[in-house]
Amino acid sequence: MPKITINGKEIEFEKGMTVLQACELANVEIPRFCYHEKLSIAGNCRMCLVEMEKSPKPIASCAMPAAEGMNIKTNTSLVEKARKGVMEFLLANHPLDCPVCDQGGECDLQDQSLYYGVDKSRFVENKRDVKEKYMGPLIKTQMTRCIHCTRCVRFATEIAGVPEIGAIGRGENMQITTYLEKSMESELSANVIDLCPVGALTSKPYAFEARPWELKKTESVDVMDAVGSNIRVDTYNWEVKRILPRLNNDINEEWISDKTRYSCDGLLKQRLDVPYIKKENKLQKSNWDEALDLLIKKIKEVQPNEIAGHIGDMINMENALGFKKLFNLIKSNNLEFREKKFYINSSEKINYIFNSSINGIEQSDFILLIGTNPRHEASMLNARIRKAFVQKKVPIFSIGDPGDLTYDYKIISDKTDEIKKIINNESELSNKILSAKNPIIIIGESVLELESGKYIFEEIKNFLIQNNKISQEWNPLNILIQNASTVGLLDLKIIPNQKENNFTFFNNLENKKFKLLYLLGSDNLDFKKDNEFVVYQGSHGDRGAEVADIVLPSATYTEQEGLYENLEGRVQECKKASYPIGEALEDWKIFNRIIKKMGLNDTTNFDQLRKEVLNSIPNFSELNELPKNAESKNSKIQSNFVSEKITIRELDYYYTNSISRSSKTMSECRQIRQKIKKDGTNN
Amino acid sequence: MSLKKVHEDQPKDFKFNSENLKKVEEIFKRYPEKNKKSAVMPLLYLAQRQNDNWIPLAAMKYIANYLSIPYISVYEVATFYTMYNLAPVGKYFIQVCTTTPCLIRGADKIVKLCKDKISPNENEISKQGSCSWMEVECLGACVSAPMVQINDDYYEDLDEKNTKDILESLIKDKPLKPGSYRGRKNTAPEKKLNTNGENHA
């Protein structure tokens, strides 16, 4: 490896690194504004100047490639003077409004001016004043503070794939704006707030809410989709004030989707704080004793096999296991967690996870989407596909039309016949899959909902096994799960008797065989209520509570500990950042109360549940890591082919779960999105 | 020079006419296929020519679609360069050079005349006739300072009197001829042609 000398210390660096990266290797901190690891290099803030031997002038270390034998100094008076000069220019037009600026306390300019700022200004002219720009309901702008680092412009163009932000004008009059001040049409738009090194782009919903040093920070994971983005939950007292991304290069890199970030105001609205009981066709406030007595009475009135349970999209594994134990005690096994009738074969783990892993997308050389819109179903995963597309020009094909995915792809067909052709080696795609070194096939839930869903999944798997494409090193078979709870619950074997009939629960529900329906945080189950007695246990007064006869208030994902498995099968821990509201309890505590009331002493505690969960996850390696690879069993399953049209079920992106439906910010985003769809304009 | 603003009244549609479409073909030949987007500047110029010396938003969108680049990229270029007009200008568009050589030779007097005769502010269409004026940076004719550019023509070696005449002629829609107003041929010396160093100091 080549060597570079930094402040007299010789270190080795990898070829292709810049001087700034080499300095970081040597643990020398270089101040910067425009440089960002995940973005292209702009080199326009000049803050990262360092001294290079034999160069008469200081060099911009972010843009200078490191080379063998370079001698870099970062602590000389020349460097100090240069940086002070740059800082003076940056501050010449920067307003002195730190006391009213939301970035205060986490502002790069504020921090660095502590070291390189001058306490007086030599700038006697008027400061530049720039009008505020509209950038949608999430981003508050104060463009006078902008230092033109163009991080936001680069993010929008490179990562988000919506080139809508740009710098107009020139020189002193340069301004950052979206095209004609429209809102940004991206699911990742709010990441520009984190990227902005100053207070030019700040969070609109969080404006003037709190200062960063007042907040308690809890590292947790997101449950809005199945990607399991790593987040940091910031709380003030018990209120969740904001959610920020946490760096995890295996999952979400440094970004999170707007839904992850801004659903948090939904945690405070529409909350269920006490138990409710339906009396005279109206839900009325009650208390735990009354509600649970009624529930047990009802349980005793009906046969065990007439009781059914449905587990919602944001339930953690411990609570689901507690629920299963409760149902074992009731002697019912009518449990389900799918919201739609999509085919899943849970006999082995590779059948329901994203086997290639999110990181693996970057190594792929061929991507085929089958009936999925990753942009809405898993925004962060879509960003990774875009990264592969931009950096390696990976060819992307789709069966079914997902609409704008922020990258170019080719729609092959929208019929299931195409899949049959692929399997029979009659399609042009078969060859491409077989000749690719690391192909990726992503199967969406929409396609598994089809009548031929079983055929599609089993035959594709079979096709890959027969052609030796599934190996220890690479597995191209991927299922794109939409809900955070799904993979974990499949591992806990919640659905009984997999092989016989996949949709027993749904069939019995349609045939009105259930008399008591227990919804555990389940708001998206589509069913017509007749005479069923519905118990809803959840956090929000949403669709589930609407049809319920008893409502039991429980905690949200920020208010309890719990394990979630993301779509790759990575087990991650969600941490408690706040407390359940009012009389609400964690789900497992509610089950304990029910069990006690029933006069049994099979209560559990959280540690037991977690231990049991961890023991029952197949192929489990360790927390936050991918599951171990397992040999795939080659078992042929009979399935029928039906020629159908593949339509990708459109997701109401900002309204997918009870938390986002309660969020005011999400509603605003949704309204704008709908307006754009309706008349093609915005703002 | 403050940030250029787009005009409030925007035409709905813009399309290159057949003559310009041929020119576009010619322009595209100058760039490799993969760098087609580099044609954005000549195309903007063409659009400005076709649309009475200013570029409407519709034209920017049209060009963006034509080159398959985002709208904002065209918008950035159009706002960056001062010679693209984003609002209507007069039939006679007077650009007064006010960079140092012209200023020393009295460009400020020309500016004052423009304010009196045409409009008190830059980029305002005059009440009488159809003229507008603006201050610009060096137009590269320092040797015949002070000078103005009216549409495509340079009017050079001006003083207060003949500038007044020129402006009045524009208001009457009978423009005087361009060139030097001290009788010079191009930028040749004024009095006597000195060849090969004869009579040189």
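**Figure 1. Helix 1 of chain B crosses helix 2 of chain B in a right-handed manner.** A crossing is right-handed if the near helix is turned clockwise from the far one by less than a right angle, and left-handed if anticlockwise. This is a predicted model, in which local features need pLDDT of at least 70, side-chain atom pairs count only at pLDDT 80 or more, and totals for chains, interfaces and linings use all residues. Residues are numbered from 1 along each chain as its sequence is written, with chains lettered from A and ligands numbered from 1 in the order in which they are written. Helices (H or I, at least four residues) and strands (E, at least two) are DSSP runs, numbered from the N terminus.

Helix 1 spans residues 18–29 of chain B and helix 2 spans residues 40–50 of chain B. Their axes come within 11 Å and cross at roughly 165°. Axes are lines fitted to C-alpha atoms, for helices over the stretch in contact, and angles run from 0 to 180 degrees between N-to-C directions. The two helices of chain B are therefore roughly antiparallel to each other. That label applies to angles over 145 degrees; under 35 is roughly parallel, 65 to 115 roughly perpendicular and the rest oblique.

**Figure 2. Residues joining helix 1 and helix 2 of chain B.** Helix 1 of chain B supplies B:Asn20, B:Lys23, B:Val24 and B:Ile27. Helix 2 of chain B answers with B:Pro42, B:Leu43, B:Leu46 and B:Gln50. Two residues are in contact if their C-beta atoms, placed from the backbone, lie within 7 Å. By class, the residues of this contact are five nonpolar, two polar and one charged. Ala, Val, Leu, Ile, Met, Phe, Trp, Tyr, Cys and Pro count as nonpolar, Asp, Glu, Lys and Arg as charged, and the others, Gly among them, as polar.

**Figure 3. Helix 7 of chain A packs with helix 18 of chain A.** Helix 7 covers residues 288–301 of chain A, and helix 18 covers residues 587–597. The angle is about 65°, and the axes are 10 Å apart. The crossing is right-handed. A:Trp288, A:Leu292, A:Leu295 and A:Ile296 of helix 7 make the contact with A:Arg593, A:Ile594 and A:Lys597 of helix 18. Five of these residues are nonpolar, none is polar and two are charged.

**Figure 4. A cis peptide bond joins B:Ala145 to B:Pro146.** Omega is near -10°. B:Pro146 sits in the loop between strand 2 (131–136) and strand 3 (148–150) of chain B.

**Figure 5. A:Asn7 and B:Asn186 as non-glycine residues with positive phi.** For A:Asn7, phi is about 50°. A:Asn7 lies in the loop between strand 1 (3–6) and strand 2 (9–12) of chain A. A:Asn7 is partly exposed, with 14 other C-beta atoms within 10 Å. For B:Asn186, phi is about 50°. B:Asn186 lies in the segment after strand 5 (179–180) of chain B. B:Asn186 is exposed, with 9 other C-beta atoms within 10 Å.

**Figure 6. Chain B meets chain A.** Chain B gives ten residues to the contact, and chain A gives eleven. On the side of chain B that touches chain A, six residues are nonpolar, three polar and one charged.

Notes: Buried ≥ 20, exposed ≤ 12 C-beta atoms within 10 Å, placed from the backbone.
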